[in-house]
Structures are given as C-alpha cells and as structure tokens.
Amino acid sequence: MLLLPFKRAIRNYGYGNTHFTLVLPYMKAEYRDNEKEYLDYYDEVEVCAESSIAHPKSAIQVRNRSMIDRADLVVCCIQHKSGGAYATIRYAEKQGKKIVNLANEN
C-alpha cells in the first residue's frame, strides 16, 4: 500500500504536532459510507472548505494549494515532472515550504 511510506515519514520527519490527515476536496459518498474505517486509519479526515465550493474541475487544485498554504512540512511521493501533484510541489517550493519527496529516498 502506497500510504505506508507516509506513515513512516511522519515518524521520521514529523514536527511536534504532526498528524496524518486526509483532506478531501469535497464530500465523497465513499467516505460518508465508510467513515469509521477511514478514522481507524487516519488521525483526522476533513473536507476542504475552499475546494468544496469551487468548480469540480478545479476542486483538487484548490484543495492542494490550501494544504500547502497551511503546511510547515510537505511530504510527497513525486516520480514524474508533470501532472497535478508535480505542479503542487512547484507551488510549495515557491512558498518556501520544506519538502520531503519519498521517491528520492532509498
């Protein structure tokens, strides 16, 4: 499972108040129908207020930028220099955020 490296990264790089939060761009039926299972895995699940009111085609980008704006540390797994995740990390770099790319680790 891809998320396991993120839990390990939280242990290795976490700041004092680090927690594992899933931020949804809008309410999804899958989460609504399986809330307990999500909360058994994540420390917290939230719906991004900004992206929940954005146009559906831009909701993920709005959510990603909101997460970057709120973060002190950005943990990602970017393997290709293209796409939405890559654009989000470029935005984080411009904001001067500390970034740990798990794809660059052994």
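**Around Ser66**

Reply: Apart from neighbours within four places in sequence, Ser66 has contacts with Cys48 and Glu50 (contact means heavy atoms within 4.5 Å). The model is predicted, so to speak of local features requires pLDDT of at least 70, and side-chain atom pairs count only at pLDDT 80 or more, whereas totals for chains, interfaces and linings use all residues. Residues are numbered from 1 along each chain as its sequence is written, and side-chain values use heavy atoms, with hydrogens and water left out.

Ser66 belongs to helix α5, residues 59-70 (helices, H or I of at least four residues, and strands, E of at least two, are DSSP runs numbered from the N terminus). Ser66 counts as buried because its relative accessibility is 9% (buried is under 20% relative accessible area, exposed over 50%, partly exposed in between, with a 1.4 Å probe and protein chains only). Its contact partner Cys48 is 18 residues away in sequence, and the C-alpha atoms of Ser66 and Cys48 are 7.8 Å apart.

The helix that holds Ser66 is one of 6 helices in the protein, which also has 4 strands. From the N terminus, the elements follow the order α-β-α-α-β-α-α-β-α-β. Of the 106 residues in the protein, 29% are buried. Among contacts with a separation of 6 or more, 54% link residues 24 or more positions apart.

Another residue of α5 (59-70), Arg70, is a contact of Glu46. Glu46 sits in strand β2, residues 44-47, and its relative accessible area of 18% is why Glu46 is classed as buried. Besides Arg70, and again setting aside neighbours within four places in sequence, Glu46 is in contact with Thr21, Leu22, Val23 and Leu24.

Leu22 is part of strand β1. Its contacts beyond four places in sequence are Tyr38, Tyr42, Glu44, Val45 and Glu46. Between Leu22 and Tyr41, 19 residues apart along the chain, the C-alpha separation is 9.7 Å.

Phe20 lies in the loop between α1 (4-13) and β1 (21-24). With a relative accessible area of 10%, Phe20 is therefore buried. The C-alpha atom of Phe20 is 8.8 Å from that of Val45, and the two residues are 25 positions apart along the chain.

Turning to the nonpolar cores, the largest has 8 residues: Ile68, Ala71, Val74, Cys76, Ile78, Ile89, Tyr91 and Ala92 (a nonpolar core is a set of buried Ala, Val, Leu, Ile, Met, Phe, Trp, Tyr and Cys residues joined through side-chain atoms within 4.5 Å). The largest share, 3 residues, is that of α6. There is also a second, separate core of 7 residues, among them Phe20, Leu24, Tyr31 and Val45. In soluble globular proteins, nonpolar side chains tend to be buried together.

Ile68 is a member of the largest core and falls within the residue range of α5, the helix of Ser66. Ile68 is touched by Val74, whose other contacts are Ile89, Ala92, Lys97, Lys98, Ile99 and Val100, not counting residues up to four places away in sequence.

Strand β3 (residues 73-76) is joined to strand β4 (residues 98-101) by 4 bridges, and the two strands run parallel (two strands pair if DSSP finds at least two bridges between them). Between β3 and β4 the chain passes through helix α6 (residues 84-94), and this β-α-β crossover is right-handed (with the strands pointing away from the viewer, the path from the first strand over the helix to the second runs clockwise).
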